[in-house]
Amino acid sequence: MRITRITDLDRPDLADYARLTDVALRRVSEPEGGLYIAESSKVIERALRAGHVPRSVLMTERWLADVEPLVAHLDGEIFVGDAALLETLTGYHLHRGALAAMHRPELPGVESLLEGARRVVVLEDIVDHTNVGAIFRAVAGLGADAVLVTPRCADPLYRRSVRVSMGTVLQVPWTRLPEWPRGADLLRDAGFEVAALALADDAVPLDEYAASAPERVALLLGTEGDGLSRDALRAADRVVTIPMLHGVDSLNVAAASAVALWALRVPSVAGEATSDAGGASPS
């Protein structure tokens with residue numbers, strides 16, 4: 001990659017980084033030959049390790065020594081500018097120092113993703129990017145095999161989702177279901193029991209369900225506030241709930257995903273740990 005030091009913003013090739021609010025990213029999240037934004041040297045490194053290809057990189061001078069060796073062998077351009085100039089371009093302070101405009105990889109088919117998997121997570125219409133990113137981090141840290149998202153679910157490759165996940169959305173296999181809730185049939189055809197995490201009179205407590213969980217489980221999580229749709233609950237094989245105390249009826253969906261994934265972890269994952277899974281989530 002060529003290094004170009006910029007002193008003004010009058011360059012069309014900087015358009016990928018212009019005013020990177022979530023609203024703006026939604027509008028351009030999946031253009032023809034689409035892009036996503038990877039933020040921080042750690043996330044950029046994970047994206048490269050996953051085989052993703054950057055179109056360009058944008059950073060302040062202090063991060064050049066960290067990032068340039070990662071991308072030096074690739075085509076494209078590294079734009080380097082001072083913090084105030086880059087904040088004018090992006091609309092926020094680059095406190096993590098570096099951004100990369102990455103080409104979106106082609107998503108795998110559902111059937112190929114399910115092959116050999118034992119634990120998968122299905123996200124129904126979850127719209128908060130922070131929750132999506134936090135769920136992916138729980139999936140990576142607690143050993144589930146894949147994530148399936150419904151057509152109306154927020155994009156896991158939005159900048160905030162990638163950042164909150166600490167880049168794990170780039171290492172966890174995932175794809176988008178073609179339709180929902182009919183997509184539950186694809187899970188059952190692959191031998192999964194669809195377990196909906198929800199409040200219901202006939203729900204099975206999580207610890208009881210985990211004690212005799214089937215070999216292959218698809219954990220179904222619903223959108224913030226309303227939870228799973230009625231159609232999703234009808235499509236599920238079981239309804240599972242996390243028992244709560246002190247009048248609290250439920251957890252945030254990302255927290256609930258971590259609790260459920262820990263309870264349903266497969267024996268080969270129990271006791272394993274990775275350095276990337278620990279620590280506090282970024283804000």
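I take helices and strands as DSSP runs, numbered from the N terminus. The model I am reading is a predicted one.

**Backbone entries**

I went through the backbone for exceptions, given that most residues other than glycine have a negative phi and most peptide bonds are trans.

I looked up the bond from W180 to P181 and found a cis peptide, with omega near 10°. I then placed P181 in the loop that runs between β8 (174-176) and α8 (184-189).

I located S40 in the loop between β2 (35-39) and α2 (41-49).

I find D125 in the loop between β6 (119-123) and α6 (129-142). I list D125 as buried because its relative accessible area is 16%.

I turned to the largest pocket and recorded a volume of about 500 Å³. Which residues of its lining are the closest to its centre? I wrote down L197, A198, G227, S250 and L251, out of 23 lining residues.

I checked which elements contribute to this lining: β12 (238-241) and α11 (253-263) supply at least two residues each. I sorted the lining of the largest pocket by residue class and got twelve nonpolar, eight polar and three charged residues.

Note on methods. Residues numbered from 1 in each chain as written. Predicted model: local features only at pLDDT ≥ 70, side-chain atom pairs only at ≥ 80, totals over all residues. Heavy atoms only, no water. Helix = DSSP H or I, 4+ residues; strand = E, 2+ residues; numbered from the N terminus. Buried < 20%, exposed > 50% of the residue type's maximum accessible area, 1.4 Å probe, protein only. 1 Å grid on protein atoms, 1.4 Å probe; cavity = no way out; pocket = protein on both sides within 12 Å on 5 of 7 lines; lining within 4 Å. Points joined across faces, edges and corners; volume = space filled by probe spheres on them. Nonpolar A, V, L, I, M, F, W, Y, C, P; charged D, E, K, R; others polar.
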